[in-house]
Structures are given as structure tokens and as C-alpha cells.
Amino acid sequence: MNKAEFQKDIELLIDVLPSKIKRSILPNALDEAIEIVLDVGRLPEVRLGNGKIFYIGNESVSSEEINEIVTKIPDFTLDNRSGIPGTLHRISAIRNRQGKIIGLTCRIGRVITGTITCIQDFVKQGKSILFLGRPGVGKTTKLREIARLMADDLEKRVVVVDTSNEIAGDGDIAHPAIGKARRMQVSQPEFQKDIMIEAVENHTPEVIVVDEIGTDLEAAAARTIAERGVMLIATAHGNTLENLIKNPTMSDLVGGVQSVTLGDDEAKHRGCQKTVLEREKQPTFDIVIEIIDRNTLAVYKNTAEAVDYILRGWPITPEIRKVDQNYAEAKETKEPEIKEIKEDAKDSPLNFSFNRQKYIKDVKKHKKIYIYAVSRSIVDKIIERLDISAEVIRNIEDADFVIAHKNFAKGGSKILSTANEYHLPVFFVRTNSMSQIQKVLKDALNLTQEDQYTQDYTNYKDETELALDEAKAAIAKFFEGSDNIELQPQNQAIRKLQHELIEAHGLNSASVGEDKNRRVKITKGKNEPV
């Protein structure tokens, strides 16, 4: 919308205001405004996008002036909303206990272009997208622009379910801002779910756009639409994905949550309680985008994976996109590469890495590491030995990622909340041993044995962990039918740990050999002295 078009639209809003208020509005005073607030007994307010407020004139609003405005606009619906035909402005009413209107909030609607340029690659994938964000942050603006993009540029059959007429404006003729998309109006808010289903059944859309999904019935309707293969673009109440998961009414949009009782072995493997929360089903929306502010978006490209991580208390970092930055069209990663990444994450439960493609691309760049409850001297030694272009820093806000002890992996810990605030990936170590820290550091940097930055990895493994790994493998062989298995010679302290590990698995062991050849043997007989 250019300056002339906006001026024409804003004049239509000013025309419904009382003469006293019209005269007090200065030229261009509403260029940056988002709302005009009129309450009986108070000065008229103009609220700007930056949070500032200025007042119109020096006389309070009267009941007569409120009534004068009400007579100039269409009747309010049950959700106390109305508008001005041919515009995107929305007028909402505040009533007293007797139902009389004593206040009006006039939301100034304007067409803003370029707000989805940074996420066009996601929109063009044809996947369902859910936008989250606080009121006034621009959710509806993005829906409007996506509707126009899909209908005009991609020539899709688009239907906008417009409950409050905020997407396509008031009146029977939809605002040009939605392009060739068709608009279905909703007479009352409680009928939104019915119109959503009607749109699918009667008008064969390829894309449905709907604003403010807020009830369990609307969430169920959204799932029905997605299951019929229709691309769904919608907004929902909630600032973040984590808030949405905790909302029992709305969690179905991202797969729902159910309580699951794990078996003893699985609970031990996960290191968690036996009763945990798990995602119940496939999410309705493939992608979730949090609108942090008008120019910043946080994108969860795989909703199912993101929900699983959050429910397990693992830290996760969305991809940050800026409206004022250029992004190349998304290039689909080859399937084998995607599978390899997922298998890595599965096989290594401590590898909580995010945006791994970025790490692969930037692996040669100098990395800044923030450590928490992890040995600084060991990290420095590993960086030196492996000749990695990285350093440990003191300020987390300057870091590229965080390495922390697993004791702080539970949700609510300070390091997780701080890392989440700065959108940093977090990697956890089980122990402060050199082999464990080195393994996690290599995972964080996505370094492989063949990488030019790595040297001989086996030279730096911790002998205690190697010995225990050998004992674990021997225990597995014993259960498969082997007997009288002997381990490699070790010193007394390590042999003691091996004996304890074997005993913990219900087996017997003995120490055999002399001096440097002293070693552990798994037997079927009674334990012998260590």
C-alpha cells in the first residue's frame, strides 16, 4: 500500500470519528499509529508501534461521541468487533455490565509488503505453517501477504476463512491485499470451525488461510483439513511453541501430549523417570514460526522433532530469520544426508545439536565456546591437540554454542534458559573426562576422523572409559553364550571398576595373571579377590 492509498484508507477511519476529535488530529499524526483508543471519561489516545502514546486534544470522550461512532459503522458481532467496509481497519467495543458500549479500540489496518520475503522458501514448500506471537506483532499481516503470494504468484486455489474480517477487510468485496484469493466470512466466531470444514468440502481449495485458532473444536477442524491434504496457514494464541505445548486446548495443533509409562530398561537408558510426557500423534502443522518482533522470526522447520525435544527437556534452537535480510531459496538436502544426521542424533543421545547444516558449512570458521561445569583445562588441551580453530570465552552472548555437564540438562536450569534466550545450541557431557569432552566437542563442530582439523583420535582416549567399554562388550558376549572371557590387562583401580560393572549385571568375575599382565576374567564360578 503506497502513501496515497494508505491516506485514503485512514481518511475513511477518521470520517467516523466525532468532529471534535477530527479537528485535533494533526496531519501525518497517524502514519506510525497502530490504534486509536476511545474510552468514556478519558482523553482520546493514539498508540504507536514503538509503544509510545500521545493524546488527541484536551477534552475527554463522552458517551454521545461513542454512540455517534457506533451509528456510522456496521453492527458489532458477538465478539464485539466491527469494521469499515473497503478497509482493513478493525473497531472493537468495550461494554459495561448492562451491555452499553463505553469504549472503542480502533485498530488501524494497513497493507505491508515484504514481511514474508525471509520465509518464502518455507511457504513455497507447500507445508502447513502455524504462526505464533503476541497481539499486534504482525501475524495477520503475514497471513494476508501469504494469501496473495499463493493465489497470485503460485496460482494456487486459496480460500481465506475471515472470522473478524481482519484479513480481507469489512464489506462483501475482499480487500485487494489478498490478491485473487477467495474470502469466506464468518457470521459469528463460534462458527469458524464450521466454515473451515465447509471451505474444504465445497470449494476445493489447495490452501486455506485462517486467523486465530483458539478452541479445541477449531484445532480439530484444522487437523481434519491437514489430513485431507490441504495446505493450512494459520495463527494461534501463544508466544512460543513451548507455551502452545503446555496449553491443553491447543496442543493438538502440534501433536498433542500424553503421559507414557516407560519400562525399567528404557527409563534407565534415557536417564529419566518412568512416567514421562510424549507427543501423542503427528502434528497438524509441519512448520511453526514464532514472531519475536515485526522484523524477527524464529522458525522450527520440523515441528514433530521440536516438540519431542521440548518434551524431553532437551534444549533446541530455532532458525532465526530477519525480515530485512536476504535469504536464498531453500535447497532441499539430499535424503541420505538427512537420514545420516537423524541417525547421528539417535545414536548419540547427548548430541543435542541444532542447525547442523550451518555447522557443516561453517566448520572452518573460528568458533567461540562457552562451557558450564566442564573442565576448562581439558577443553583447552583438546583444542590444542586437535588443532581446532576455536576458543573458550567468558561471555555466553558471544558464543557459537555451549558445552555443559549433563547434570544441568533438566528443564528449568539456568544455563538452558540463558542459552535459549540467546538461541544457542547446547551439547552435554556425561563426565569431565578427556574422551567424553573430546567426543562432544567433535560432535558440536561436526568433525570427522577424516577432517583436516583432526589428528589421531585414539591417542587421546581415556583409558578408564576404554576399559569399561571393553567390559561392556564382554558382558554382551557372555549373555550371547560365550564364557570365560578375559579382558585386557589393567591396573588395580581400573580392574576394580570393571569388577563392579560386571557385578552390577549379575555376573561373576575374577582377577587372573601377574603384575602387568593382571586382568579381569568373567566366569561362571564364584568371585575371586581383586
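Author: Let us begin with the nonpolar core. The model is a predicted one, and its largest nonpolar core has 37 residues. Leu130, Val161, Ile208, Ile213, Leu241 and Leu253 are those with the most contacts inside this core.

Reader: What makes a set of residues a nonpolar core?

Author: The members must be buried residues of nonpolar kinds, such as Leu, Val and Ile, joined through side-chain atoms within 4.5 Å. In soluble globular proteins, nonpolar side chains tend to be buried together.

Reader: Which elements give two or more residues to this core?

Author: They are the strands β7 (129–132), β8 (158–162), β10 (207–213) and β11 (231–236), together with the helices α6 (192–203), α7 (216–227), α8 (241–246) and α10 (303–311).

Reader: With which residues is Leu130 in contact, leaving aside its neighbours within four places in sequence?

Author: Leu130 is then in contact with Ala234, Thr235, Ala236, Leu244, Leu253, Phe285, Ile287, Val288 and Ile289.

Reader: Why is strand β15 described as largely enclosed by the rest of the structure?

Author: Five of the five residues of β15 (residues 296–300) are buried, and the strand is therefore largely enclosed. Thr296, Ala298 and Tyr300 point one way, while Leu297 and Val299 point the other way. In a regular strand the side chains alternate between the two faces of the sheet.

Reader: How do you know that β14 and β15 pair, and in which direction do they run?

Author: Two strands pair if there are at least two bridges between them. Strand β14 (residues 287–293) is joined to β15 by five bridges, and the two run antiparallel. One of the bridges links Ile291 with Leu297 in β15. β14 and β15 form a hairpin, with two residues between them.

Reader: How many bridges join β15 to β16?

Author: Four bridges join β15 to strand β16 (residues 319–322), again in antiparallel fashion. The bridge partner of Leu297 in β16 is Arg321.

Reader: Why is Lys72 called partly exposed?

Author: Its relative accessible area is 40%. Buried means under 20% and exposed means over 50%, so a value in between is called partly exposed. Lys72 lies in the loop between α3 (63–71) and β4 (81–83).

Reader: What makes the approach of Lys72 to Glu68 a polar contact?

Author: The side chains of Lys72 and Glu68 are joined at 3.3 Å. The limit for such a pair of N or O atoms is 3.5 Å, and the distance therefore qualifies. The side chain of Lys72 also reaches the backbone oxygen of Asp15 at 3.5 Å. Lys72 and Asp15 are 57 residues apart along the chain, and their C-alpha atoms are separated by 9.1 Å.

Reader: How do you know whether His405 is buried or exposed?

Author: The relative accessibility of His405 is 12%, so His405 counts as buried, because the cut-off for that term is under 20%. His405 is found in strand β19 (residues 401–405). Apart from its neighbours within four places in sequence, His405 is in contact with residues including Tyr372, Val374, Phe428 and Asn432.

Reader: Which strands stand at the edges of the open sheet of four strands, and why are they called edge strands?

Author: The order of this sheet is β18-β17-β19-β20, with parallel pairing. β18 (390–392) and β20 (426–429) each have a single partner strand, so one side of each is left without a neighbour in the sheet. Direction ignored, neighbouring strands of this sheet are turned by 30° against each other on average.

Reader: What joins β17 to β19, and what packs on the sheet?

Author: Four bridges join strand β17 (residues 367–372) to β19, and these strands run parallel. Ile369 stands opposite Phe401 in β19. Helix α14 (residues 414–421) packs on the sheet and touches β17, β19 and β20, its direction making about 155° with that of β20. Helix α15 (residues 434–445) likewise touches β17, β19 and β20, at about 160° to the direction of β20.

How values were computed: Residues numbered from 1 in each chain as written. Predicted model: local features only at pLDDT ≥ 70, side-chain atom pairs only at ≥ 80, totals over all residues. Heavy atoms only, no water. Buried < 20%, exposed > 50% of the residue type's maximum accessible area, 1.4 Å probe, protein only. Contact = heavy atoms within 4.5 Å. Polar contact = N/O pair within 3.5 Å; in protein donor to acceptor, adjacent residues only side chain to side chain. Axes fitted to C-alpha atoms, helices over the stretch in contact; angles between N-to-C directions.
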